[in-house]
Amino acid sequence: MSALISRVIALVMAVSVGLVFGVHDSVAKLKLENADPALLSFSTLLLGLPLLIALLPLSGGLRVTPASAAVFVVAGILNFSVGRTLMYMATRRLSSSGASVMTSTSAAFSAVMSLLLGERVTISDLLGIAAIMLAVYMASGWRRGDYSPSGVAIGLSTGLVIASSVAIIKVGEELGGSPGLGVIIAYISGLAALGPRANLRLVRGQSAKYVSIMGVAAALGQLLRYLALTSLNVDVVTPLQNLRPIAATAILYEASEEAGKHPLVRHWAAAVLAFLGVALVSGLL
């Protein structure tokens, strides 16, 4: 019975990852899409860091080796400095929940990396990749004036960076580092990389409260993901956390009436298709 309860709790945490990241993405689109991407990345990292430190006892202890620390530093620069900034750039250029859908391409890029490394790729993997790329096409907009080639390119780059950083973080764990401390090291390295570009400033004024929500949501999502992975396999956590575009689309639908932010039918279809694609690539379906 205790094992069943533990699994249910882990499943709830995995689903919650997608929900809190959906909150993060929708607030970024609704309130801060015109903010400077580097400044926004720096602010959300700095405001989320205290939560990660406070909850460190719940997230895998204090294990670290010099090799794992170096790997976590690289992952932080790649994911939290480059990747998060690219996502905010995509949020500015893509309509509605398009940028959130773009994060799902990380699963497709992971499958492609596996293929390049000579690992076995199944029909489900190929179907999943096709579904994710179709979702990208649908979310990016195909009508004149609505399609953003630069937004799609930046969004796909975001997915590639996320896939690469996940692979790097796995290497860090194999080298003896604990997940919770690894994320904190990665956050700090991301802050250090972004500091010069952001001039060590935070987003201020009326926007500060929205940045606080985004920072806490993103940090909580990172923590919940690692906690879920202590009880569940990656192939279960990955699709569940990619409920993210569905959650973002639902929040945008309820909260926004502004043209360009209120989701259309194709945005809903893209969000669902992205989730199904990730589920196929991850082996859940």
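Which helices each supply at least two residues of the lining of the largest pocket? They are helix H1 (2–31), helix H3 (66–93), helix H5 (105–116), helix H7 (149–174), H9, helix H10 (234–241) and H12.

## Basis

This is a predicted model, in which local features need pLDDT of at least 70 and side-chain atom pairs count only at pLDDT 80 or more, while totals for chains, interfaces and linings use all residues. Residues are numbered from 1 along each chain as its sequence is written, and side-chain values use heavy atoms, with hydrogens and water left out.

Helices are DSSP runs (H or I, at least four residues), numbered from the N terminus.

## Largest pocket

The largest pocket has a volume of about 1200 Å³. A pocket is an open set of points on a 1 Å grid over the protein atoms alone, with protein on both sides within 12 Å along at least five of seven lines. The volume is the space filled by probe spheres set on the points, which are joined across faces, edges and corners.

The lining holds 45 residues; a lining residue has an atom within 4 Å of a point. Ser110, Val166, Lys170, Val234 and Thr238 lie nearest the centre of the pocket. H7 gives the most to the lining, with 8 residues. By class, the lining has 21 nonpolar, 15 polar and 9 charged residues. Ala, Val, Leu, Ile, Met, Phe, Trp, Tyr, Cys and Pro count as nonpolar, Asp, Glu, Lys and Arg as charged, and the others, Gly among them, as polar.

## Cavities

A search of the whole structure finds 2 cavities of 30 Å³ or more. In a cavity, a 1.4 Å probe fits but cannot get out. The second largest cavity has a volume of about 30 Å³.

Leu52, Ser59, Gly180, Val183, Leu223 and Tyr226 line the second largest cavity. Helix H8 (179–198) and helix H9 (208–229) each supply at least two residues of this lining. It divides into 4 nonpolar, 2 polar and no charged residues.

Two packed helices are described by the angle between their axes and the distance between the axes. Axes are lines fitted to C-alpha atoms over the stretch in contact, and angles run from 0 to 180 degrees between N-to-C directions.

Helix H11 (residues 244–255) packs on helix H12 (residues 265–282) at about 160°, with axes 8 Å apart. H11 is therefore roughly antiparallel to H12 (angles over 145 degrees count as roughly antiparallel, under 35 as roughly parallel, 65 to 115 as roughly perpendicular and the rest as oblique). The crossing is left-handed (the near helix is turned anticlockwise from the far one by less than a right angle; clockwise is right-handed). Contact (heavy atoms within 4.5 Å) involves Pro245, Ile246, Thr249, Ala250 and Tyr253 of H11 and His267, Trp268, Ala271, Val272 and Phe275 of H12. These residues divide into 8 nonpolar, 2 polar and no charged.

H1 and H3 pack at about 50°, with axes 9 Å apart. That angle makes H1 oblique to H3. Their crossing is right-handed. His24, Asp25, Ala28 and Lys29 of H1 touch Met87, Tyr88, Thr91 and Arg92 of H3. This contact has 3 nonpolar, 2 polar and 3 charged residues.

The axes of H5 and helix H6 (residues 123–140) come within 9 Å and cross at roughly 140°. H5 is thus oblique to H6. The crossing of H5 and H6 is left-handed. Thr105, Ala107, Ala108, Ala111 and Val112 in H5 meet Ile129, Ile132 and Val136 in H6. Here the classes are 7 nonpolar, 1 polar and no charged.
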